Amino acid sequence: MKVIIIGAGIGGASAGIALKRLGHEVVIYDQMTENKPVGAALSLWSNGVKVLNWLGLADEVAALGGRMDDMAYLDGHTGETLCRFSLAPVTEQTGQRPYIVARADLQTLLMQRFGMDDIRLGARLVGLIANGAIVTATFADGSTDTADLLIGADGGRSFARDYVTGVAEGGPKIERTYAGYTNFNGLIPIDEAIGPANQWTTYVAEGKRCSVMPVAGGRFYFFIDIPQPAGVPYDRAEGTQPLEAAFAGWAPGVRVLLDTIDPEASLNRVEIWDVDPFHTWVRGRVAILGDAAHNTSPDIGQGACSALEDTFALAITLATNTISVEDSLLRYQRIRSHRAADLVLRARKRCQETHAFDPEATQAWYDRLRTEDGSGIIRGIVGNIVESPINLGGGVLGPEGVDLR
Ligand SMILES: Cc1cc2nc3c(=O)[nH]c(=O)nc-3n(C[C@H](O)[C@H](O)[C@H](O)COP(=O)(O)OP(=O)(O)OC[C@H]3O[C@@H](n4cnc5c(N)ncnc54)[C@H](O)[C@@H]3O)c2cc1C
C-alpha cells in the first residue's frame, strides 16, 4: 500500500519507520526546509522508549539518553532540598529506563532510519481530497501526490485535522488553548553547582520552575517556566533578560544556571498551548497522529511519548485487521483517543498545580514536597505509563495492592 505522511516530526518519522517495516511504500512530506526542531530536548518516559525499542532503535536511543538516576526538588529562593529520591522504581516497575535525549539527535536518528531519500522537505500541504480509496494531497507549489492512506502528523496547528473533522463542511474547528506560561529551554554543559550530573533537579517558587535533566555528551537540558499571559513580546536579541528579571535573587544554583546559558548556542522560548481532547481522528483513509490529534502541554513530559504510542497502535491495527484500511483506522482511533485525552488532562492538571494559577494549591504542593519520600511522585510518573498500549510486552509491575493510577 502507498502511504503519505505529512510531517517529519517524532510522530511522522516514527510512523514512517513502522509502516515501512510492515512493507508499505511510504513517503513523508514536511514544510520545513531543514531539520531544525523547536525545543532542545525531550524526556522519553518508559512508554516512549519502549516504542522506539520496538522500532529497532534500542541501542541508539540508549546511547543518546542521559543517565538520570535521581530526582530532587529544591526551594527556588534558598536552594534548600525539599525532597530527593531514586528514580530506579520507575525502571523496575515499567521494565524500561527513561531517557532524556537532545531533540535534534532523536529527530536525526528517526529521519535517517526512515530514509532521507523518501522525505520531501519544503512541501507544505494545502489541500486534501478523497476519491473512493484514493487520497490526493496538494502542496503549496501546486504539486500533488496520491496514496491509499494519508497520515496527518502535522503538529499542533494541523491542516489534516481540519480535513478529518470536516471544517469545510461545517464540522468543528479544533482550537488550541493557552496553558498560561512561557517555557525557555536549551542545552548547557553540566555544572554540578546547579545539580548532580545524574539527577533531575528542579528549583520551585512563586509558580515558576527551573529544571535541569542530564542528556548524553555531558550536557544538561534546562527548562524554565514563567507564568504570564500569551503574546508577551520577545526578541531573540533579548537573550536571557526575561529570565534575569523573573529569577532575580533566586538560589545560587539558579544563578549558575542563568550564567551558563549561552543564548547564541542554545536558547528557545515557546508559549505553551494544548488542545481540548476530541475523538474524531479519522476520516475515510486519512488519520491524524501526534500533536495533530492530542497537542499536550509538556507538564508530564508525555506529548512525544503519546505520539510514539500512536505509531505503535496504528501499526498494530494495520498489521492485524483485514476488513479494510478504513476499518483499521477506526480501530486505531478507538484504541488511542481516550488514552491520549487522559494524558492531555493529566498534563493540564499538573500545569495548574505547578504554576500557581491557584496560589493555595501550589503552596500545598510545595508543602507536600517537603514530606515527599518519592513514592507519590513515582506513582504519578508510572501512572502516566500504566495504560500505554505498548505495555502488552510485560506491563507494569506495581507494588502489591497499590493502584498506580
Ligand atoms: C517546551 C516543550 C517541551 C516538551 N517536552 C516534552 C517531553 O519532555 N517529553 C515528551 O514526550 N514530549 C514533550 N513535548 C511535546 C513534544 O514536543 C510533541 O508532542 C512532539 O514533538 C509532537 O510531535 P509531532 O511529530 O506530532 O509534531 P511536530 O513535532 O510538531 O511535527 C509536525 C511536523 O509537521 C510539519 N507540518 C506542519 N504543518 C504542515 C503542512 N501543512 N505541510 C507539511 N508539513 C507540515 C512541521 O513542519 C513539523 O515538522 C514538549 C513540547 C514542548 C513545546
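Strands β8 and β9 (residues 134-139) run antiparallel and are joined by six bridges; strands here are DSSP runs of E of at least two residues, and helices are runs of H or I of at least four residues, numbered from the N terminus. The model is predicted, with local features requiring pLDDT of at least 70 and side-chain atom pairs counted only at pLDDT 80 or more, while totals for chains, interfaces and linings use all residues. Residues are numbered from 1 along each chain as its sequence is written.

Within this pair, A130 lies opposite V135 of β9. The two strands belong to an open, antiparallel sheet of three strands in the order β8-β9-β10, where strands pair if DSSP finds at least two bridges between them. At the edges are β8 (125-131) and β10 (144-147), each with a single partner strand, so one side of each has no neighbour in the sheet.

Helix α2 (residues 46-54) is largely enclosed by the rest of the structure, because seven of its nine residues are buried. A residue is buried if 20 or more other C-beta atoms, placed from the backbone, lie within 10 Å of its own. The buried residues of α2 are S46, N47, G48, V49, K50, V51 and L52. G56, which follows α2, has a positive phi near 90°.

Beyond its neighbours within four places in sequence, L289 contacts G11, A15, I151, G152, A153, A307, D310 and L314, a contact being C-beta atoms, placed from the backbone, within 7 Å.

Terms used. Contact = placed C-beta atoms within 7 Å. Buried ≥ 20, exposed ≤ 12 C-beta atoms within 10 Å, placed from the backbone.
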